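Please look over the structure shown here before reading the report, and keep it in view as you go.

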Amino acid sequence: MTSAAEEWAPRRVLWGSFNGLAYVPRLPPTAYTLLLHMMSEQEPGGLVVATHDELATGLALERGMISRAMPHLVAARLVTVVRRGRFQLHPAISAFTDPRDQQRAMRALPRDMRLDVGDFEDEYERRFQLHLDEKARKAAARAKGTVTPLKPALKSVR
């Protein structure tokens, strides 16, 4: 029988200054949980390589809960969706192998992507409302049948 300490494999040591957490708006609890999990799973520089299913499994949640929480993190500018299964954490909350790497990443940010510019709470609410409006627009278009499918429909063979 092995002890929990023997099973634990130390991870590489990463450096992070997480001052950006001071600019996290009021989020639903699942979004906070997801953010902390992503921060624990990140690669140096803040890349998180995981699908929604993998994130859900890691948190013992349903996939739909991840899908509902992720837009909150995106609207708060804490997470950027790179592509399916690839997410980039904001440099202010990312871990790096060297503090200078984080400083370079922060300097490279466009001003509108900084967390400490403007009223972060109002900006989050505005961006999240835009997300909800777009989601409603797409649902209405689907209901009317005016949304073009991503993949062409397969023709039936007779």
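Two packed helices are described by the angle between their axes and the distance between the axes. In this predicted model, helix α4, which covers residues 63–75, packs with helix α6, which covers residues 120–144, at an angle of about 135 degrees, and their axes lie 8 Å apart. Angles over 145 degrees count as roughly antiparallel and those from 65 to 115 as roughly perpendicular, and α4 and α6 are therefore oblique to each other. The crossing in which α4 passes α6 is right-handed. On the α4 side, P71, H72 and A75 make the contact, and they meet Y124, R127, F128 and H131 in α6. Sorted by class, the residues in this contact are 4 nonpolar, 2 polar and 1 charged.

**The largest pocket**

Rolling a probe the size of a water molecule over the atoms shows where empty space is left. The largest pocket has a volume of about 320 Å³, and 17 residues line it, with H52, S67, M70, P71 and V81 lying nearest its centre. At least two lining residues come from each of α3 (52–59), α4, β2 (79–83) and α6, while α4 gives the largest share, 6 residues.

The table sets out the lining of the largest pocket by class.

| Class | Lining residues |
|---|---|
| Nonpolar | 6 residues |
| Polar | 5 residues |

Key:
Residues are numbered from 1 along each chain as its sequence is written. This is a predicted model: local features need pLDDT of at least 70, side-chain atom pairs count only at pLDDT 80 or more; totals for chains, interfaces and linings use all residues. Side-chain values use heavy atoms; hydrogens and water are left out. Axes are lines fitted to C-alpha atoms, for helices over the stretch in contact, and angles run from 0 to 180 degrees between N-to-C directions. Helices (H or I, at least four residues) and strands (E, at least two) are DSSP runs, numbered from the N terminus. Angles under 35 degrees count as roughly parallel, over 145 as roughly antiparallel, 65 to 115 as roughly perpendicular and the rest as oblique. A crossing is left-handed if the near helix is turned anticlockwise from the far one by less than a right angle, and right-handed if clockwise. Contact means heavy atoms within 4.5 Å. Ala, Val, Leu, Ile, Met, Phe, Trp, Tyr, Cys and Pro count as nonpolar, Asp, Glu, Lys and Arg as charged, and the others, Gly among them, as polar. On a 1 Å grid over the protein atoms alone, a cavity is a set of points where a 1.4 Å probe fits but cannot get out, and a pocket is an open set with protein on both sides within 12 Å along at least five of seven lines; lining residues have an atom within 4 Å of a point. Grid points are joined across faces, edges and corners, and a volume is the space filled by probe spheres set on the points.
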